[in-house]
Amino acid sequence: MLKSRLISLLIFVMTMGITPIANAQILPGDSVTLTETISVETANAFLDNCLSDFPHGFTPKSHKNFCNCSAANVRLNLTNSDLVALNLPNAQRAGNQVFEKYVHNVVGPCMAVAVDDIGYYSCIESRAQSPYIKNILPYCKCVGAQMSRFAEEIGAETILTNMKRNPTFYDDPIQTLLGASIYTNTLNRSHDICRPIGQQQIAR
């Protein structure tokens with residue numbers, strides 16, 4: 001999913017007449033030339049590609065929010081050289097500096113936006129019939145907020161750690177996070193943390 005999205009975006013970059021240098025290393029504090037700056041058109045192309053590919057486990061709202069966030073962060077935090085480098089053979093792996101930059105600056109922060117809604121609807125589906133939860137909606141909003149905080153704080157590191165440990169099994173950063181045991185454990189813990197909110201009596 002990620003690879004096809006970036007390849008489509010690379011084709012768009014090249015057809016726009018931009019000639020990024022694949023081997024350029026962009027370091028913190030370096031100035032970025034106009035040809036290195038990702039254009040609004042390229043960011044919009046990324047958005048369109050992202051919206052055309054629905055990840056497993058997402059909700060429609062989380063998908064839209066993730067793609068909008070990703071397109072904005074790609075433009076703010078990556079360069080055209082980064083896009084080229086991400087399409088080199090075996091580039092999309094933990095340990096590759098550009099890929100890790102992409103995970104830290106795009107996937108991680110935007111999964112924090114996505115899992116808020118994913119956690120909310122997961123909670124609704126699993127707890128709607130629970131006799132112990134009286135206040136379903138505030139309870140599940142709390143669960144979503146807990147999951148968002150988790151992804152914001154350690155989402156990127158969770159992705160890269162799992163991809164490094166088992167690169168054969170984990171080859172997509174989105175599914176790596178959603179399939180990680182720490183994600184499931186955090187979701188279960190969020191139910192416990194938010195239970196007092198759910199057990200509050202609804203005001204009449």
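Are Cys 123 and Cys 140 buried or exposed? Both Cys 123 and Cys 140 are buried, where buried stands for under 20% relative accessible area, exposed for over 50% and partly exposed for what lies in between (1.4 Å probe, protein chains only).

This is a predicted model, in which local features need pLDDT of at least 70 and side-chain atom pairs count only at pLDDT 80 or more, while totals for chains, interfaces and linings use all residues. Residues are numbered from 1 along each chain as its sequence is written, and side-chain values use heavy atoms, with hydrogens and water left out.

The structure contains four disulfides, a disulfide being a pair of cysteine sulfur atoms within 2.5 Å.

| Pair | S to S distance |
|---|---|
| Cys 50 and Cys 67 | 2.1 Å |
| Cys 69 and Cys 110 | 2.0 Å |
| Cys 123 and Cys 140 | 2.1 Å |

Because Cys 50 belongs to helix α2 (residues 40-51) and Cys 67 to helix α3 (residues 60-77), their bond ties together parts that are 17 residues apart in sequence; helices here are DSSP runs (H or I, at least four residues), numbered from the N terminus. The torsion about this S-S bond of Cys 50 and Cys 67 is about -80 degrees, so the disulfide is left-handed, and both cysteines are buried.

The link of Cys 69 and Cys 110, with -80 degrees about its S-S bond, is left-handed. Cys 69 sits in helix α3 and Cys 110 in helix α5 (residues 97-127), so this pair ties together parts that are 41 residues apart in sequence.

For Cys 123 and Cys 140, the torsion is about -70 degrees, so that disulfide is left-handed; the pair links distant parts of the chain, with Cys 123 in helix α5 and Cys 140 in helix α6 (residues 136-165), 17 residues apart.

Note on methods
Helices (H or I, at least four residues) and strands (E, at least two) are DSSP runs, numbered from the N terminus.
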